[in-house]
Amino acid sequence: MKKQKYLFLGITFLLSFGLALFVAMSVFPNNPFSSKAKTENKAVSKIQDGDIIFQTSQSPQCEAVRIATNSKFSHCGIIYDINGKWFVFEAVQPIKLTPFEDWIKHGKDNKYVVKRLKNTAVLTPAVLQKMKDYSQQFDGIDYDSYFEWTDNRIYCSELVWKIYKNAADVELSKLRELKDFNLTDLRVQKILKERYGNEIPLQEKVVAPSDLSDSSVLKTVVDNY
């Protein structure tokens, strides 16, 4: 009888533990037992100060950007280590530092790609600090939905490009003009009409997330698409 009692208790314990583990993984997907959490932690362990991160945002404007540039990417930012915590410096409304985990959640299906300079020797501690110092002038200013090449308002890929160019002396890509992109799609034309009416600045200097993601000076370090 004692053996049966212990066997019953053992089976009950195992069933209870299994049920509790199942519930924990379902309700708290980032718990230590979750394979998803382990994958995310592994990805985070690969990132470095100054890396560039890309995602697919889901706003109508970002969708238009994705279509016009023939790319899955419509948003990007720079990863910064601030007092031991990871943030993404990004051009949204307003331009700001966003905690890394929050930034990931804003993208479609939590997917993202992280890229880094092939010449990693460029980003010395002094250069990284210069990038952060330079970034402060943009903190809190308005997002540029008109894609103008000024410092009064900034859009995402412009922010990344200017920080690297002016603080690290690295030109991530050549600048293009608005007319160089695919503007024939009706969804793109709708956004252009809303922004500019009939006066579309086709000669405006532009840099898109796709220009940065395709940069020959960058390499991919994380890709969970």
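## Terms and model

A residue counts as buried when its relative accessible area is under 20%, as exposed when that area is over 50%, and as partly exposed in between, using a 1.4 Å probe and protein chains only. Helices (H or I, at least four residues) and strands (E, at least two) are DSSP runs numbered from the N terminus.

Please keep in mind that this is a predicted model, where local features need pLDDT of at least 70 and side-chain atom pairs count only at pLDDT 80 or more, while totals for chains, interfaces and linings use all residues. Residues are numbered from 1 along each chain as its sequence is written, and side-chain values use heavy atoms, with hydrogens and water left out.

## Overall picture

The protein has 8 helices and 8 strands. Of its 225 residues, 42% are buried. Taking contacts (heavy atoms within 4.5 Å) with a separation of 6 or more, 68% are between residues 24 or more positions apart.

## Helix 5 and its buried side

Let us start with helix 5, residues 125–135, where Val127, Leu128, Met131, Lys132, Tyr134 and Ser135 are buried. These residues lie on the same side of helix 5 because they cover an arc of only 165° around the axis, the arc being that of the directions from the helix axis to the C-beta atoms. Pro125 and Ala126, on the other side of helix 5, are exposed.

What do the buried residues of helix 5 pack against? Their partners are strand 2 (75–82), strand 3 (85–90) and helix 6 (156–168).

## A hairpin of strands 3 and 4

Strand 3 pairs with strand 4 (residues 96–99) in the antiparallel sense over 4 bridges; two strands pair if DSSP finds at least two bridges between them. The two strands form a hairpin, with 5 residues between them. Within this pairing, valine 88 stands opposite threonine 98 in strand 4.

## Glutamate 158

Helix 6 also holds glutamate 158, which is buried with a relative accessible area of 0%. Apart from neighbours within four places in sequence, glutamate 158 is in contact with Asp144, Glu148, Trp149, Thr150, Arg153 and Val207.

Grid points are joined across faces, edges and corners, and a volume is the space filled by probe spheres set on the points.

A search of the whole structure gives 1 cavity of 30 Å³ or more, and the largest cavity has a volume of about 280 Å³. Among its 24 lining residues, Ala64, Val65, Ala68, Phe147 and Leu178 are the closest to its centre. Helix 3 (60–68), helix 6 and helix 7 (186–196) each give two or more residues to the lining, with the largest share, 5 residues, coming from helix 7. The lining divides into 18 nonpolar, 5 polar and 1 charged residues, where Ala, Val, Leu, Ile, Met, Phe, Trp, Tyr, Cys and Pro count as nonpolar, Asp, Glu, Lys and Arg as charged, and the others, Gly among them, as polar.

Leucine 192 lies in helix 7 and is buried, at 9% relative accessibility. Its C-alpha atom is separated by 9.1 Å from that of alanine 64, 128 residues apart along the chain.

Terms used:
1 Å grid on protein atoms, 1.4 Å probe; cavity = no way out; pocket = protein on both sides within 12 Å on 5 of 7 lines; lining within 4 Å.
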